[in-house]
Amino acid sequence: MPHPFCDLFPRPKPVVAVLHVGPSPGVPGCRGVSAAVDRAVAEARLLVDLGVDGLLVENAHDAPALTGDEVGPEVVAFLTRVAAGVRRHAGRLPVGVRVLHSSRAALAVAHGAGCHFVRVDGWAEDPGEPARFHRYRALLQTDLPALADVRPDGLDDVAAVVAAVEAGRPDVLLVLGPRVGVPPRPGVVEAAREHAALPLFFGGGVDADAFPAVVDLADGFLVGSGLKERGRWQGPVCEPRVRALVGAAEYARGQEVRQ
């Protein structure tokens, strides 16, 4: 039976592209709100035109990042403006939000901007965070689904980490590598699939070359670095990389239909 989260997307095995938003106000390197909004909207329009299946707005440039209640109202206000702009130009495609280390801030932004889901992190390390998230979601009277990060150190940790994250009652799992742009270690995704009761998305090192090897292991894909110049998340969107990955996904979907 299809999962409600997967039903958000128009096609199976969706490719969700990450928009790495410029630094928030007060963060070193911030060049102003309008410039950040304009860049995010321009990248969103390009990615939509090139055929991705969804977008994720993320404050990846907020380094060093704050955590939890330290995330101030200026960050929430800034990202809400960005997400609302992206949402207006995404057409019917789902748009998600991630605020580094603050699932409630992500929920506030997504709710305020009319987005479709949130990505959350740190639930395996802090069991109190999902509890706070669910209470805040009930307070807002929203049912926005949560895509929760799963970052096992290796094969021996997969079962425990998956169990710890699922105990927080997210809607979908996102299996990631040890750091940005690096795929999970060999066998980790397969093990996560074996132990997980929830739908499984895959992220980290996904590009057109890697896609055929992982397409059968996941229900969807979150791609950031793989769509950027030279595979660096800090760089601009690379049109040939996007076209290649979208083409690989389209081919895989066609093969799935014919089987």
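Student: How much space lies in the largest pocket?

Tutor: On a 1 Å grid over the protein atoms alone, a pocket is an open set of points where a 1.4 Å probe fits, with protein on both sides within 12 Å along at least five of seven lines; lining residues have an atom within 4 Å of a point. Grid points are joined across faces, edges and corners, and the volume is the space filled by probe spheres set on them. Here, the largest pocket holds about 540 Å³. Its lining comprises 37 residues, of which Glu58, Arg98, Arg119, Arg151 and Val180 are the closest to its centre. This is a predicted model, in which local features need pLDDT of at least 70 and side-chain atom pairs count only at pLDDT 80 or more, while totals for chains, interfaces and linings use all residues. Residues are numbered from 1 along each chain as its sequence is written, and side-chain values use heavy atoms, with hydrogens and water left out.

Student: How do the strands pair, in the parallel or the antiparallel sense?

Tutor: Strands of a sheet pair through backbone hydrogen bonds, either parallel or antiparallel. Helices (H or I, at least four residues) and strands (E, at least two) are DSSP runs, numbered from the N terminus; two strands pair if DSSP finds at least two bridges between them. In this model, eight strands form a closed barrel in the order 1-2-3-4-5-6-7-8, with parallel pairing. For instance, three parallel bridges link strand 4 (residues 117-120) to strand 5 (residues 146-150), and Val118 has Ala146 of strand 5 as its bridge partner.

Student: Which residues of helix 2 are buried?

Tutor: Buried means under 20% relative accessible area, exposed over 50%, and partly exposed in between (1.4 Å probe, protein chains only). In helix 2, the buried residues are Val75, Phe78, Leu79, Val82, Ala83, Ala84, Gly85 and Val86. Just after this helix, Gly91 takes a positive phi of about 65°.

Student: Which residues other than glycine have a positive phi?

Tutor: Among them are Lys13, with phi of about 50°, and Gln141, with phi near 55°. Lys13 belongs to the segment before strand 1 and is buried, with a relative accessible area of 15%. Gln141, in the loop between helix 4 (128-140) and strand 5, counts as exposed because its relative accessibility is 75%.

Student: Where is Pro64 placed?

Tutor: Pro64 sits in the loop between strand 2 and helix 2. A cis peptide bond joins Ala63 to Pro64, with omega of about -5°.
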